[in-house]
Amino acid sequence: MKKVILDCDPGHDDAFAIMLAAQHLDLLGVTTVGGNGYLPKVTRNALVVLEQVGRTDIPVYPGHAGPSTHELVTAPNVHGESGLDGPVVTEPVRKPETKHAVDFIVETVMNTDDVTLIATGPLTNIAAALNREPRIAEKAAGLYIMGGGAYAGNWTPAAEFNIWVDAEAAYKVFHSGIDLHMVGVNLTRQCPVDTEFIEGLRSIGAHAATFSAELCDFFSHGGDAHLHDACAVAWVIDPTLIESAYLHVDIELTGTLTRGMTVTDLRFLQTAKRDVDIDLSSTARWDDPPVGSPFRGQAPNTHVAMRLDYGRFVDLVRTTMRNYR
Ligand code: BDR
Ligand code: CA
């Protein structure tokens, strides 16, 4: 099993990310960050999810409450007042660890080989870890994020929520040199939480499956939701579930309309039309344009998720929930 740390802000789709990671990966710890909700809520929610699936052996480390440069904006419109509205649950018995998430991330990555980082909330903790110990960019086996989008936003027309909330942290991460995999909204739009998905879970009957279906009942908002964060974990579990293109991505910090946009250099994807239409086999490399071309792109820094095998993703989620007893 791959060793991972999951940094998250649960969050309904973060809950699925936790449940997938706890079963299929060696989840060394869950770290929390202010994002969908304020830190005490998202930390409580991480403890709730692990307790619901009987994995109270996995520690939870609270991290930063919000960005260092400005106030945190949360998303109660998406995840409800608790950050995890829907299922009725008992309050977790367990308490979070006293060690700070950033200390845990830095110490674990520096003292353990081949740890993969997964981040499904704003990148505040990951950027702080990279500031504290820049060598984790080399030492970690890689970083998979849910955030951004190749040419799409959701919180604003240009920006996705996790990046928009702490764009400065995202800038730090995208410029760190870490082996970076970006699951943006161009990918997660291929992962709907629709009636078929929800009823497929409910029909399983096991506790975790019913809990998951009830999360989706709230999160689906009558039909227009996507299971963003679970896609990033699924990519780590099974790299064949997602096809990607290796591209240059940078973070817009100053745009008046585009702050938080993951500006993705798609110029040399010759058949780029819309997300699912991109023919990856014709991906032109950044160094393909003739020398001297004014359109010569910058070196790739990000594996950008492009196409999801949704059928096999749904199988993975169903099998996971069936296996929790
Ligand atoms: C992201 O924002 C949050 O609301 C979700 O948990 C996900 O990480 C989607 O933009
Ligand atoms: Ca999230």
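1. Start at strand β6 (residues 180-183), which runs parallel to β10 and is joined to β10 by three bridges. Leu180 has Thr302 as its bridge partner in β10. Two strands are called paired here if DSSP finds at least two bridges between them. Helices (H or I, at least four residues) and strands (E, at least two) are DSSP runs, numbered from the N terminus.

2. A word on what you are looking at: this is a predicted model, in which local features need pLDDT of at least 70 and side-chain atom pairs count only at pLDDT 80 or more, while totals for chains, interfaces and linings use all residues. Residues are numbered from 1 along each chain as its sequence is written, chains are lettered from A and ligands numbered from 1 in the order in which they are written, and side-chain values use heavy atoms, with hydrogens and water left out.

3. Back to β10. Strand β7 also pairs with β10, in the antiparallel sense and over six bridges. Look for Glu243, whose bridge partner in β10 is Arg307. Strand β10 itself (residues 302-308) is mostly covered, with six of its seven residues buried. Buried means under 20% relative accessible area, exposed means over 50%, and partly exposed is in between (1.4 Å probe, protein chains only).

4. While you are on β7 (residues 242-247), find Tyr246, which sits in that strand. With a relative accessible area of 38%, Tyr246 is partly exposed.

5. Strand β1 (residues 3-8) pairs with β2 in the parallel sense, over six bridges. Leu6 stands opposite Val30 in β2. To get from β1 to β2 the chain passes through helix α1 (residues 12-24), and this β-α-β crossover is right-handed. That term applies if, with the strands pointing away from the viewer, the path from the first strand over the helix to the second runs clockwise.

6. On its other pairing, β2 goes with strand β3 (residues 60-62), parallel again and over three bridges. Here Thr32 stands opposite Pro62 in β3. The chain crosses from β2 to β3 through helix α2 (residues 39-52), in another β-α-β crossover that is right-handed. Five of the seven residues of β2 (residues 26-32) are buried, so the strand is largely enclosed by the rest of the structure.

7. Which residues surround ligand 1? They are Asp13, Asp14, Asn36, His79, Thr120, Met146, Asn154, Glu160, Phe161, Asn162, His228 and Asp229, where a residue is listed if one of its heavy atoms lies within 4 Å of the ligand.

8. A polar side-chain atom of Glu160 lies 2.5 Å from a ligand 1 oxygen, an N or O atom in the side chain of Asp229 is 2.6 Å from an oxygen of ligand 1, and a backbone N or O atom of Thr120 lies 3.0 Å from one. Taken alone, ligand 1 exposes 280 Å², and the protein buries 96% of that; these areas come from the Shrake-Rupley method with a 1.4 Å probe.

9. On charge pairs, a search of the whole structure finds 13 salt bridges, each being a side-chain nitrogen of Lys or Arg within 4 Å of a carboxyl oxygen of Asp or Glu. Asp103 and Arg132 form one of them (2.8 Å, N to O). This pair links distant parts of the chain, 29 residues apart, with Asp103 in helix α4 (residues 101-111) and Arg132 in helix α5 (residues 124-132). Asp103 counts as partly exposed because its relative accessibility is 25%, and Arg132, at 48%, also counts as partly exposed.

10. Glu133 and Arg135 meet in a salt bridge as well (2.8 Å, N to O). Elsewhere, Arg312 bridges to Asp309, with the closest N and O atoms 3.4 Å apart, and Glu199, Arg202 and Asp217 are linked in a salt-bridge network.

11. Last stop: Ser220, in the loop between α11 (207-219) and α12 (228-237). Ser220 counts as buried, at 7% relative accessibility.

Technical notes
Polar contact = N/O pair within 3.5 Å; in protein donor to acceptor, adjacent residues only side chain to side chain.
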